[in-house]
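Please look over the sequence and the structure that follow.

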Amino acid sequence: MRGIGLGGILITALAHLFPQRFRSRFADEIVATYLDRRDALLDNHTIAHGSRLLRATTLTISTSMNLISSAIAERYQRSRRQRQRRRPRIRIWQEPMIKTFFTDSRQALRTLSKQPGYVAVAVLTLALGIGANTAVFSVLNSVILSPLPYPESDRLIRIYNSWEGSPDFSRNYLSGYDFPRFRDGVQGFETVAVMYTYRETGRDLTGDGAAQRVKALHVSSGYFETYRATPLFGRTFTREEEHGDARLAILSYRLWRNYTNEDPDILGKTIDLDGDAHKVIAVMRPSFLDVVGGDVDLWVPQDLQSERNSRGNHYLTGIARLGPGVTVEQAQAQIDAVQAQLAEEAPGSYEEQRVDLHPLYEDVVGTTSTTLFILWGASGLVLLIACVNVANLSLARSVGRTKEMAIRTALGSGRGRLVGQLLTESVVVAAVGGVAGSLLAYWGVKTLLAISPESLARAEEVAFDPTLLGFAIAATVITGLLFGAAPAIHSINVAPNESLRDGTRGNSGTKRGRNIRSVLVAAQVSLALVLLIGAGLLIRSFLSLRHLDLGIDAENVATFEVHLPTARYPTGEDRIQFHLALQDRLRALPNVTAVGAASWLPASGMYNSWGYGYFDEAGERQWLPAQIRTVEGDYTEALGIQLLRGRTFEPTDNLDADRVALVNEALAKRLYGERNPLGEVFTFGSGEWTVIGVVSDVAHEARGEFGPRVYLTHSQFGTNRNWALTYIVKTSTPARDFYNLARRELVSMDGSLVLYQPRTMDDVLGRQIAKDKFVLILMAVFATVALSLAAVGIYGVLSYSVNQRVHEIGIRMALGARATQVRGIVVGQAAMVAGLGMTAGLVGAYGLSRFMQSLLFDVTVTDPVVFGGVPALLAVVAFVAGYLPARRATRIDPMVALRRE
């Protein structure tokens, strides 16, 4: 049984719009009915998770609209019945509803055209709210609410290896040795495939013009069939082609268009990848989107027959489609049985290992759902603040129309017609605001795509489509009803006799009217405080991330990748000599102080976790998972990594010398304690290595996760495989100029090579926290808009109050009141409104901060700096917004005020 949730709270609040008698009889039933229908939708597991959320949201919106319109109608019927008891029944001719609507619309346009100031402020305010909501909804709809872009995508699952008791390996890769057994042994899979996503793979595409680096994805047969994707023309890979000698390629539509100029005869032709000719066998459709592989240029067969596919080499990603009627649990039981057979065949090799199945949708979206729902909630608060602001404007505007409404009522206009007229005006204003908001949303979507990080799942699917237009229309209608409901309901209670007798002030100018507007402004302050505190927590978190010591010096460090094709550099010795020669050339460039290279950059995630074999104090062989880094040259000097003991690598540490290694401080302390690790021999990979030095720790992740690490020199370990090395150069030359010089040196050595992904180290680290920055920027924008609207609301209410109390202020000043006393009255009113709003806002912010826990780093959800500083900032803004009308009040001439009617 779920809790009442935000939707339940909203429906409960809207139920209070009904009269007391109706509410006491039906309110509980209304809320219970809504909750039953919502829970039934959310518990319907035959529908995709995103579709269930979308339908529940649609139910909440439609129920809210129905309640608002029904509450207004019920109050109107109630007041009508009361009037009919007091006067003779008169039959009034009713015009058709559609004609009434057009009549009210024409009247609304005439009335609003006479108040351009009100319309401009209201439209701008609503455009900001509607535009922000629609833009964020575009991301939410594409990433969270929409199913994956494949037929029956709810049957797609992801396959992982995991180790019990090892959180870092809870979602690890599969081995190429085990996969064929899973493919043949699990009958619950309709299709199953693997791909190589251990790190981004690329190929140098050569031919006409300069060489270019393209992203290639190695996949097994059945890959496209699992997605139920068919080529535009051609065929996909077969099992017989899952080997290293299969020189085949399937092109993406984009590469076919850009590289071959949409050659219709491309099938059977060859393209050069890393110097090898690959036969093109297919071109994929432009609509195919690879949500796992990402922005792929071409696909090549995965080698499942080479010596790489041992039991212990986990480097493949598994994906499968469940058969009709097969559940995840049933498939899990079948794959567990296959895993048990493998464990029996090789005792000890599968100890504490298991294979887990996860729905692909949940795996792709991951923690992004929390981020986007928080952002949508924030944009919703902005829209709510905008509605409250416009409602306040509408209430103030109704002051001048009190006599008009009273005269209409006295002449026989039904209150339903008056309510309809006011709501029509609100909807017209909201419609204009909605059009402007939709235009803002269109550009907002483009901006979101421009600043959205690569870590934001499915960002490439975001677009302004008809669904968003429908959302904008729904938001416009609801907005018009929300901010128009308060003035409309208030107009029902106009007393014609009192209004016509009172020639100076109407109902809206009474104490009750002022109190309503003050409560609305307090609500604005409350909502603004919630957003400001949320933004404040994210700012503190982001600053903590930016100033986190990752163990490296990233200043003036340039990086780029160099990939050597095996076809032209077949042996480890060839590759080692090439990299040594390139480093010498780079060191000779001006303003270069250190040149190194590594198989993986710091703070870029876990990569290459191997078993570090050592003997404990009792002489027993033990194993510790450790990160391996293959480095070359001045790696430690270029990144400012400190040498704590021993020495670093030297040019004499080559293939002819004894194999040596560096370990980090975390590994040394964990395994050797107070003992000196220098000279210790350990097993790593297929041989033994000797520790020659201990270096300071470097973070695996941008959030400061540290762990055991081993460094091997490429001059000795380059024969293990064809390592793709990332160069790390310490230079004071501007990045663009340096990359031009480095590219010149690389091309002079081999014109077919590509200087790939040139990025400064600061940019590399910035990408790791791009998601935090993305959320921060949007929350800061929402909070700034909310703060501005709250300040405008306070200023508007107090300005209106001063204008209404000119006569009273004039009497006070005529009787000797000092200017400070008058200012104190006005500022005191501002303090009361702001204080009420901030009290409620602090409670709401405390609740919001609990949901933001997963987005925060090194900041508590009740951070005293934020919870103390933000209310102080809002208090200053409220004081300034209140002081300006107070200052104007003290400049009132008592004689002019006393003569004013």
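**Backbone, rings and surface**

N591 is placed in the loop between α17 (572–587) and β14 (592–598); helices (H or I, at least four residues) and strands (E, at least two) are DSSP runs, numbered from the N terminus. This is a predicted model, in which local features need pLDDT of at least 70 and side-chain atom pairs count only at pLDDT 80 or more, while totals for chains, interfaces and linings use all residues. Residues are numbered from 1 along each chain as its sequence is written, and side-chain values use heavy atoms, with hydrogens and water left out.

Although N591 is not a glycine, its phi is positive, at about 70 degrees. Most residues other than glycine have a negative phi. N591 counts as partly exposed because its relative accessibility is 46%; buried means under 20% relative accessible area, exposed over 50%, and partly exposed in between (1.4 Å probe, protein chains only). A positive phi, near 45 degrees, also occurs at E152, a residue other than glycine. E152 is found in the loop between α5 (116–145) and β1 (156–163), and its relative accessibility of 41% makes it partly exposed.

The structure holds 25 aromatic pairs. Rings of Phe, Tyr and Trp (its six-membered ring) pair if their centres lie within 6.5 Å; planes under 30 degrees apart count as stacked, over 60 as edge-to-face and the rest as tilted. The pair of Y150 and F288 is tilted, because the ring centres are 6.5 Å apart and the planes stand at 50 degrees. Y150 lies in the loop between α5 and β1 and F288 in the loop between β9 (276–284) and β10 (298–301), so the pair ties together parts that are 138 residues apart in sequence. Y150 is buried, with a relative accessible area of 8%, and F288 is buried at 15%. Y569 and F578 form an edge-to-face pair, 5.4 Å centre to centre with 65 degrees between the planes; Y569 and F578 are both buried.

Ring pairs also link a cluster that includes W610, Y612 and W689. The charged end of R659 sits over the ring of W689, 4.9 Å from its centre; such a charge has NZ of Lys or CZ of Arg within 6 Å of the ring centre and within 35 degrees of the ring normal.

Which helix gives the most to the nonpolar patch? Helix α26 (residues 864–889) does, with five residues. V880 is found in helix α26, and V880 counts as partly exposed because its relative accessibility is 44%.
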